[in-house]
Amino acid sequence: MTEVPFPDAQVHFGVFFQGVNHHTIWTDSASGSQIDFETFRRVATTAERGLFDAFFLGEGLRLREQDGQLLDTDIAGRPDAITQLAALAGITDRLGLVATQNATYNEPADLARRLASLDVLSGGRAGWNVVTTDNAWTGANFRRGGFLEHAQRYERAAEFLALAREIWDAWSETEARAVERDSAQFRVRITPTVPRSAQGHPVIFQAGVSPAGRDFAAAQAEVIFSPFGTHFEPAREFADDIRARLVAAGRPADDIRILPGTQIVLAENTAEVEEKKRWVLEQQITGATALSLAGQVWGRDLSHLDPDGPLPSEDPEASAISSTRGAQRDGQDRAAVVAQWRSLADAKGLTLRQVAVETTARFGFAGTPGQVADELTRWVRHGASHGFNITPYQVPTGLDEIVELLIPELQDRGSYRTAYTGTTLREHLGLRPPLSHR
Ligand SMILES: Cc1cc2nc3c(=O)[nH]c(=O)nc-3n(C[C@H](O)[C@H](O)[C@H](O)COP(=O)(O)O)c2cc1C
């Protein structure tokens, strides 16, 4: 029998309320609004009923665009994450509340204070997903213009986070302790106004998988929101790489929790699983979404094409600038992606939309509750992840079947908690004290 490297590992769940993006089905009659509080309330209370570690929000500080037009093939717009989580703090008791906030356009004194406030008001349940953002146009929103190159974004993020930690740790009830910084990025003098929370300070999440992103995580993060939530081997390779980087950074190999984003489809038997999977994929990649995705690959507007027809015959634009973000398409070669789409279409006789489904569908797990519970347990016990950040394919009801059908199966296998044992997010995740408190 193969050895099980982590025989007692438990599956940790977060729910990623994705907001804008086509991975959530917004067009079905059962779908809710991405803005109404009722949707967030329903998802968060279901997650808490399912003993999830956290409710997780992404961030987009600018409406999505494509070739200068509003990208609204699914939905447009979303409320500010910290505001939304503060509202949820009032109606939940244990659930962690994680806000994605970028370090490129925010300012440390302001953001550290807002996150500390959420942490204190929620009784130590806040998390901060530190991203650098690849949307270059966001700068215009802040009248700052311009953008930072990839390496500089991570440099700024590291300094930003170090400064935020200093601000959190400088709190004192008896004296005004100022934190000062005068560097190329930041010029601040701040006296903290918010006390420490029950968990010390917000749990630090990170998302970004370039070598610079991985080193940043190994040096600074406590949880990684990774994109490796579909195939076991790439997930384990990523986790092994992070473990090695942690040790190289002088931290224990188990000092980080890795929660890949994933989607889960459950049904009672194999035939129903296949039918439901197909339905989800078809709803996610509508004709308009397929044309938008192809337009991003080709670098030009293809909205006049028939999504159920062939791929465009012309060559892609040579430009290295993304038509939806304004930034350099870091490392992505358009011609190579087009060649890959074409060979797939030729080999399988696929239409444009079918190719878009095959290449961009982000699917995690599909099966009966028992099958999926076995597979998730295998992932955590063989070191591929510590759990998952689940995007329900439909909100607000998509989490119901996970909580009602999957979690009891995981509990039967001894790989999921049967009650919360702590009150803070740090305790749910089984993390050590914050790095700056050791
Ligand atoms: C799983 C995942 C989720 C992300 N979520 C966001 C987000 O909500 N908002 C954002 O501005 N950037 C987000 N990012 C993008 C990162 O900010 C970063 O710009 C991008 O991944 C490039 O970094 P990398 O080259 O290290 O991967 C996310 C990245 C990953 C991998």
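This is a predicted model: local features need pLDDT of at least 70, side-chain atom pairs count only at pLDDT 80 or more; totals for chains, interfaces and linings use all residues.
Strands of a sheet pair through backbone hydrogen bonds, either parallel or antiparallel. Here nine strands form an open sheet, and the pairing is parallel. Read across the sheet, the order is S11-S10-S9-S6-S5-S2-S1-S15-S12. Strand S11 (257-258) and strand S12 (261-262) are the edge strands, each pairing on one side only.

One pair can be followed in detail. Strand S1, residues 12-17, runs parallel to strand S2, residues 54-57, and four bridges join the two. Phe 16 is found opposite Phe 56 of S2.

Next comes the ligand. There are 16 residues around the ligand, and those that come nearest are Glu 59, Thr 133, His 150, Tyr 154 and Ser 210. Sorted by class, this shell has three charged, five nonpolar and eight polar residues. Helix H5, which covers residues 150-169, gives the most to the shell, with three residues.

At Glu 59, a backbone N or O atom lies 2.8 Å from a nitrogen atom of the ligand. At Thr 132, a backbone N or O atom lies 3.2 Å from a ligand oxygen atom. Ser 210 takes part through its side chain, where an N or O atom is 2.6 Å from an oxygen atom of the ligand. The ligand taken alone exposes 610 Å², of which the protein buries 80%.

Two loops hold backbone features worth checking on the model. Which loop holds Asn 21? Asn 21 lies between S1 and helix H1 (37-49). Phi of Asn 21 is near 130°, a positive value in a residue other than glycine. The other feature concerns the peptide bond from Val 395 to Pro 396, which is cis, with omega near 5°. Pro 396 belongs to the loop between strand S15 (387-390) and helix H13 (400-412). In the sheet order, S15 stands between S1 and S12.

Key:
Residues are numbered from 1 along each chain as its sequence is written. Side-chain values use heavy atoms; hydrogens and water are left out. Two strands pair if DSSP finds at least two bridges between them. A residue is near a molecule or strand if one of its heavy atoms lies within 4 Å of it. A polar contact is a pair of N or O atoms within 3.5 Å; within protein, one must be able to donate a hydrogen and the other to accept it, and residues adjacent in sequence count only if both atoms are side-chain atoms. Accessible areas come from the Shrake-Rupley method with a 1.4 Å probe; for residues, only the protein chains shown count as cover. Ala, Val, Leu, Ile, Met, Phe, Trp, Tyr, Cys and Pro count as nonpolar, Asp, Glu, Lys and Arg as charged, and the others, Gly among them, as polar.
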